[in-house]
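Please open the model in your viewer and keep the selection tool at hand.

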Amino acid sequence: MIQAILVFNNHGKPRLVRFYQRFPEEIQQQIVRETFHLVLKRDDNICNFLEGGSLIGGSDYKLIYRHYATLYFVFCVDSSESELGILDLIQVFVETLDKCFENVCELDLIFHMDKVHYILQEVVMGGMVLETNMNEIVAQIEAQNRLEKSEGQVLG
Amino acid sequence: MSDIVEKTLTALPGLFLQNQPGGGPAAAKASFSSRLGSLVRGITALTSKHEEEKLIQQELSSLKATVSAPTTTLKMMKECMVRLIYCEMLGYDASFGYIHAIKLAQQGNLLEKRVGYLAVSLFLHESHELLLLLVNTVVKDLQSTNLVEVCMALTVVSQIFPREMIPAVLPLIEDKLQHSKEIVRRKAVLALYKFHLIAPNQVQHIHIKFRKALCDRDVGVMAASLHIYLRMIKENSSGYKDLTGSFVTILKQVVGGKLPVEFNYHSVPAPWLQIQLLRILGLLGKDDQRTSELMYDVLDESLRRAELNHNVTYAILFECVHTVYSIYPKSELLEKAAKCIGKFVLSPKINLKYLGLKALTYVIQQDPTLALQHQMTIIECLDHLDPIIKRETLELLYRITNAQNITVIVQKMLEYLHQSKEEYVIVNLVGKIAELAEKYAPDNAWFIQTMNAVFSVGGDVMHPDIPNNFLRLLAEGFDDETEDQQLRLYAVQSYLTLLDMENVFYPQRFLQVMSWVLGEYSYLLDKEMPEEVIAKLYKLLMNDSVSSETKAWLIAAVTKLTSQAHSSNTVERLIHEFTISLDTCMRQHAFELKHLHENVELMKSLLPVDRSCEDLVVDASLSFLDGFVAEGLSQGAAPYKPHHQRQEEKLSQEKVLNFEPYGLSFSSSGFTGRQSPAGISLGSDVSGNSAETGLKETNSLKLEGIKKLWGKEGYLPKKESKTGDESGALPVPQESIMENVDQAITKKDQSQVLTQSKEEKEKQLLASSLFVGLGSESTINLLGKADTVSHKFRRKSKVKEAKSGETTSTHNMTCSSFSSLSNVAYEDDYYSNTLHDTGDKELKKFSLSSELLDSESLTELPLVEKFSYCSLSTPSLFANNNMEIFHPPQSTAASVAKESSLASSFLEETTEYMHSNAMEVCNNETISVSSYKIWKDDCLLMVWSVTNKSGLELKSADLEIFPAENFKVTEQPGCCLPVMEAESTKSFQYSVQIEKPFTEGNLTGFISYHMMDTHSAQLEFSVNLSLLDFIRPLKISSDDFGKLWLSFANDVKQNVKMSESQAALPSALKTLQQKLRLHIIEIIGNEGLLACQLLPSIPCLLHCRVHADILALWFRSSCSTLPDYLLYQCQKVMEGS
C-alpha cells in the first residue's frame, strides 16, 4: 500500500501532498520536511530507494523517489509494493502530467493543483494503484475536461 | 523521457494571461482565479518564513470572510476551496472551511462537487465528525445515472469513509460490481478492498463476488481484484489454494503476450499485473509442494521471457526470483534464479545493486554459496557511499555471521553505528550486535568490550531486553564455573577502568549495568578493596547528570558492598549526605543502608555474596500483616480497596446526576466512560477481605518485576536445567570446516594474484575474514537459528519455563473458578484411556463435565448428539458403531441392533463432550473417509474415520494433515495402522489448537494406503473450521467479570436487532449460549453478562443490554481481534434465528 505521495521542489516547498494514512496535520508537515531533508542529502547517482524517516514509521516503510529538474516526486510505500514497480509508476504519473499539461513544469503544479490531484486520483486511489495505463488515465481526464467545457457553455 | 521543463518565475505574467479562463466567463471567476495567482506570486516573492506566515494569515482571514458571507456563490466557493487547499498544503490551519467543503460537495454542480469532494478528502480523516454529513451525498451520488458522479463518489469512499457508516453504502457498491462500465467496476472493487482493510467483517459475505471480479472480462477489473486476493492470501493462504490454477493461467496469458497491446508498458506486457501475480503465487506455493508444482512452468517462462531491456523487466525479474525462492524448491529454477541475482548484484545501476543485495539477503539462508560467489561485490558495497546500500549489506552480513567471522562483521556494524544518527537505525543495529555477540563471542574480553560499545552507543534508546539479558547471562552463568568467574571478573575490571576516565559521560542504562555488576561481583577482585569501589560509586552518586533511577541502582550496589567492606568512611559520608536528600526515594535507601550498617550481622545474612540467582521465598500474601489489618478494621478503618475499584467508584460518583434522562437514545446511556457494566456486583466487593485483594495485587506485581531483571525463578530445580544444557551442547568440529574453507579461499587467491593491486589485496583479505566458514560443508552454522552451533554463552533454559509458569499463575488468578488442575489430570486420563478402569473414570468425567456444562441445557443444542465412547467396548475410540450410522452395512438387522445400543448409550451418558455429525469428506471405491469434530475443553479434537469398503486388506494406511497457518495440529497416538482388515473402520485423531483468531479456516490432508502390496493410493480431503470450534464457555463469577472487564483494553460495541421470537433478554442469551457456547454469568434486569474463552486461554467478555427489540452488545477482550470476530458470529446468530 502507498502511504503518502509527496511532491516538493528543490527548496522543500510542497507542491503536492497526499496522505493515504492518517497523520495529524502538524505531523504531516514534519514528514514533508523530514522527507525533504532525507532526499536532499542524496546525490543523483545513488539509489532511488531509502528507508522512511522515523515519523512515518522507520524501516518498515520505503521512500521511493525520482528527481526531475526542480521537483522531487516521493512515494512512501510499505513492504507490499515493488520498489522498481513504484519507480516506474512515478514515471507514468509524470508522463501523464506531461501529456495533460503539455510540457509540464513546476508552475503547472502550483496553479492547477486541483487538476493534478484529479490526475493522481486516476492513478492511485486510496493508496492502491488503480491504473498504470497512461492512455487510459488521459482518457479519463479528458472525459472530465469535456464535462468542464460543456458546463462552461451552459453557465457561460 | 519527459523531464519537467523548468520555467523561471519571470514567466509568471505571461502564464497568467494564458490561464485566464477561455471564452470570457464571468468576471468574478477571473478575479478569483487570479487571486490564487497573486497569492502564489506573493509567497514566492517573500524571503522569510515569517513574512509568508503573515501573508497567508491575511489570505486566510479574507477567505474566512468570503466563505461565510451569504452572497458567496457556489462558483466563488469553488475558487476559495482551491486556495484553502493550497494554504492547508503549506501547513496552515483552514479548519473553518471544512464545513464549506462538505456543503460544496452536497450542493454544487458536477465541477463544484468535484472540488468539494477533493477538498473533503484532503482536509478530513476517517474519524472526523463532519464526515457523517457527507454520507447522504455519497449515497445519492452512488445512485446517480451520471457516470462521473458515480466515479467521484467511489473515489471519495475509497479515500475516506467512516467505518461505522459502511453498511449504508455497501449494497450500492456491491451493485456497482455489475455496472456496465469497467471503470466503475474497477473503482467499486477497490472501494470494497478498502472496506476489507478497515472492517473485514463487514464484507465477508461478498467474497464470492470478488471471485467474479477475478474472472471479469476486463483486465483492469481483474487487476484490481488482485489487490484483495494478495491481502487475503497473505492472511490465510490455505483457503485459496484452489485459485492457484486461475492465477497461473492468467500469468501465462500475460507473459505470453495475449493481452491487448495497450496494456504494454515499454513493450513489456502489463508489468504491474505480472508483479502482483508473482507475489500471489509466492504466497500460495510456500511450503506446499503440490501447489508449487503447478507454477514451475510459468515461472520458468517468466524468467526466460524477461529480456533485460528496461527497468521494469528487472522489477518482474526480481519478483520472479523472490517467488522461486519462496515456493517449494526446484533445483532447475533455483539455478536460473541464482543467475538472475548475479545480474542484479553485478549491475552498474545502483538501484539494481540494491535489489540484488536485498535478494541475496533473502536467499542466503537457502543457498549460502551465493554469498561466496559475490563476496567481492559485497565487500565493495560495504564501503559504498550510499548509506542505504551499506545498511542492506550489513543486513546481509548479519545473516551469514558465524563464530569465525563475528569479529569482523561486528566491527563493521559498529563503524556504521557510530556514523548513523537515526534512532530506529541505532535501536535495530544495537539489537543485532548484542544478539550476535551473545551467540558467537570468541572470548570474554571481546564480549565485554563489544557490549560496552553497545551500551554506550545504544544508550537509552536501545531495547531494555539487551541490558537485562546481559545481566542475566552474567548472573546465571553457563556450564563452566571458572569461566563464569573470569567473565565476571573481566567485566568488573573493565567497568572500573571506564569509571576511572575523567569527563566521559555514559548513558544511564550503561551506568545501571555497571553498578549492578560492581555491586555483585567486586568481591572477585583481589587487589582492589571494596572501599575503593565504593569510592568510585560515591563519586557517581554525587554527579548531577546521573538520573535518580540510576542513583537508586548505585546506592543498591553500595549497600551490597558495604557488607563486604570492614568499615568505610565513604559509606558514612554517603549516609549522612543522603538521609537529608530531598529525593524521598534516595532518602529511603539511605535510611535502609544506615540501619543495616549498624547491624553488620544482619546485613551479611541479608546480602550474601554471589547469591543473585538463588531463590527467594517471599510471603506474597503479606500474611504477617493480618493482625495489623484486623486491628485496623476493628478500630473502624475502611477496608482496603484496590486502585481500579477506587477509580471506578469515583467515576460513578461523578456521574451521579446522570439518571439517563435521554433514555430513548439508549446506545450511549450507561455506557459512558470506562464504567463497568458489572458495577452492581463490584459494589459487593467493598466489604470484601482486604488481605485477599491485596494478595492478588502483590502477586502480579512482585513476581514479574523481580523475575525479569534478576532471573530468580523459583519454579524449577536448578539441577534439571543444567542437565538439559549439557545434553544440548553438541560439540561441532569447527576446525575442519575452517580448514576446508581456508583452502578454497587460498585457491581463489592464487588464481587472482597476478592482477591484484594492493588495494584489492586488502579487500581480499577482508573478504576471506568475512566469508570464512561459509560454504557447502558448513551450512549448519551459517544461520543464527541453527541449533548445532556451539555457543560460547549458552543461556540456561530456565527462563522460558518460568515464564510459562507465570502465565499459568495469572490464568489461575483471572479465572479462579476454572479448575485447570483437574483439567490436566483429566487430560492424562484421556490419553491413556482405552479399556481399563472405565467405571472409575466415567464417574470422574461425569462430575467434571457436569460441572463445566451445567445449566447449559445440552439437550437443546442443535448439532449435538450426546454420546460416550467410554461405554463402547472397542478400544479404538469412536470406531465401528458410530460409522455404521453413516455407512449402512449389508446386514440391516445388525445395524438396527447396534444403533439401538448406541441410542441407549446416548441416554445413559449424556454428559460427554459435544461432537458434530460425521460428514463424508472423500471416498473412492475402496475407502471412504468421514470426519467429525469433538469440542473438548482444551482443544478441538478432529476425528477422521476411515472405512475400508473393499473386501481386501489394506496395508499401512496413514493419514496426514498439512500444516496450516492458523492452527497447530497434533497427532494423537496410534494413527498409523500397519494393516486394515476388509470392511473395517478405523479412526485417526488429531487435536487442533488455534494460533490466532480468524473466522474461517481450512484443514487439508490426505490418506494413503497400500493395497495387496501392489499399488498405493492417495486420497485428499479438506475440512472447514470455524472460530466457534475454539470457543468455550468461561465460568467466572460476576466479581471476576468486573475485574477482568476493567483490565481489558480492546472493546467493540454494536447494536443488533433481534427477531421477534427472541425479543426478551433471556431467550436472546440462551441463543448465544447454545450457538456460540458463551457462559451466562448473570442477568440483571435488562442487562446480561456473558463470558467465553478462545482456546487455549484468551478470555472474552460480553455485556448485553436490551432495549425494545435492540440488543446492544459490548465485547471486551485481551486480544485485539477476538471481539470483532465474535461480534460477527453473534450478528450471524441473532439474524439467522
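Begin by selecting Asp300(B), which at 22% relative accessibility counts as partly exposed (buried means under 20% relative accessible area, exposed over 50%, and partly exposed in between, with a 1.4 Å probe and protein chains only). Helices (H or I, at least four residues) and strands (E, at least two) are DSSP runs, numbered from the N terminus.

Before going on, note that this is a predicted model, in which local features need pLDDT of at least 70 and side-chain atom pairs count only at pLDDT 80 or more, while totals for chains, interfaces and linings use all residues. Residues are numbered from 1 along each chain as its sequence is written, chains are lettered from A and ligands numbered from 1 in the order in which they are written, and side-chain values use heavy atoms, with hydrogens and water left out.

Next, select Glu1020(B) and Arg290(B), whose side chains meet in a salt bridge (2.2 Å, N to O). Glu1020(B) sits in strand S12 (residues 1015–1026) of chain B and Arg290(B) in helix H15 (residues 289–305) of chain B, 730 residues apart.

For a pair in another setting, move to Glu59(B) and Arg83(B), where the closest N and O atoms of the salt bridge are 2.4 Å apart. Both Glu59(B) and Arg83(B) are buried.

Now show both chains: how many salt bridges are there between chain A and chain B? The count is seven, and one of them joins Glu136(A) to Arg186(B), with the closest N and O atoms 3.9 Å apart.

Finally, colour the whole boundary, where 77 residues of chain A are in contact (heavy atoms within 4.5 Å) with 79 residues of chain B. Chain A and chain B bury about 7000 Å² between them, 60% of it on carbon and sulfur atoms; buried area is the accessible area (1.4 Å probe) that two parts lose on being put together, summed over both.

Notes. Salt bridge = Lys/Arg side-chain N within 4 Å of Asp/Glu carboxyl O.
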